[in-house]
Amino acid sequence: MKVLQVIDQAYRTTTEEQDDTILWLTQSMRGAGGDLMVLLSGHGVHYAISRERQPALTLGTWRQTQPAELPRDIANLVESGVPVYAIQGDLEERGLGGLALQNGVRPVARRAVADLYEQADQVWHW
Amino acid sequence: MSDTKTLTFAFMEPPFESERTVTFFRLLDAALDRGAGVRVFAYEGAVALAFARQQPHGNAVHHRDSEEEDHPLTKDWIAALQEKARSKGIGFEWINCGLCVDERGVNDVIEGCGRGGPPDLWRYASEAHNTLTIGTR
């Protein structure tokens, strides 16, 4: 079975969980033998061009020591054999179209998304 | 062994904050109505849905005490769906993401709800007729 994980939101819980929970879930299921693909759409395309670790949160005397490292998490997914795609049109709508994508992230035209869906047995839209 | 189809649900919303939670439970109920077995992977805030220490309360604005108010609790909804599935002879399974449980301190869950992780979601999905994921917003 092949699953396409569609991540349409960016930075949801990334401060508290110190990762994107769907990227984390994908990596964990990949480790359990899952066959997965990731499609970054909507605000999720920000992950495709992210280069820096998130800034650490400080509240009073409490300081975060392990903020999320989304570029690392995307790179780990690609390295583990999970194809990661980003919708080109969504990048352009956000003024991100001219920026280099992270290594291994593949741009995909919106008209080609249906073909991507066809490659999966199940599509999980988060 | 039932010959009914099984549906997997992955859900992220906590109790009481979102209409998506009620919709999710209505979908589970409808699935059972149609004879489909149900398997739930509760992720993030959804692990509190099965928290056993949820307590009903009265409501002074409504001029009702606790018994009269009969406040809805998601743990009771889960128990009701478990009972409905039993009465129909179809499966109803519920697994909470264990790490999500720990960080929220909601370890005390009602009977019939277990603890697991992403491999359980993958197993549920692999064996299901289909999977519906409902993320938080």
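Predicted model: local features only at pLDDT ≥ 70, side-chain atom pairs only at ≥ 80, totals over all residues.
In chain A, helix H2 spans residues 21-31, and its buried residues are Thr21(A), Ile22(A), Leu23(A), Leu25(A), Thr26(A) and Met29(A). Within chain A, these buried residues pack against strand S1 (2-7), helix H1 (14-17), strand S2 (35-40) and helix H4 (70-79), and they also pack against H5 of chain B. Gly33(A), which follows H2(A), has a positive phi near 100 degrees. A positive phi, near 65 degrees, is also found at Gln18(A), a residue other than glycine, which lies in the loop between H1 and H2 of chain A. Gln18(A) is classed as partly exposed because 17 other C-beta atoms lie within 10 Å.

The contact between the two chains takes 14 residues from chain A and 13 residues from chain B. On the side of chain B that touches chain A, the elements giving two or more residues are H5 and S5 of chain B, and H5(B) provides the largest share, with six residues. By class, this side of chain B consists of seven polar, five nonpolar and one charged residues.

Two loop residues of chain B stand in contrasting surroundings. His129(B) is located in the loop between helix H5 (118-127) and strand S5 (130-134) of chain B, and it is exposed because 11 other C-beta atoms lie within 10 Å. Apart from neighbours within four places in sequence, His129(B) is in contact with Lys5(B), Thr6(B) and Leu7(B), while the C-alpha atoms of His129(B) and Gly37(B), residues 92 apart in sequence, are separated by 9.8 Å in space. Glu44(B), by comparison, is situated in the loop between strand S2 (37-42) and helix H2 (66-69) of chain B, and it is buried because 23 other C-beta atoms lie within 10 Å. Although Glu44(B) is a residue other than glycine, its phi is positive, near 55 degrees.

Notes. Residues numbered from 1 in each chain as written. Chains lettered and ligands numbered in written order. Helix = DSSP H or I, 4+ residues; strand = E, 2+ residues; numbered from the N terminus. Buried ≥ 20, exposed ≤ 12 C-beta atoms within 10 Å, placed from the backbone. Contact = placed C-beta atoms within 7 Å. Nonpolar A, V, L, I, M, F, W, Y, C, P; charged D, E, K, R; others polar.
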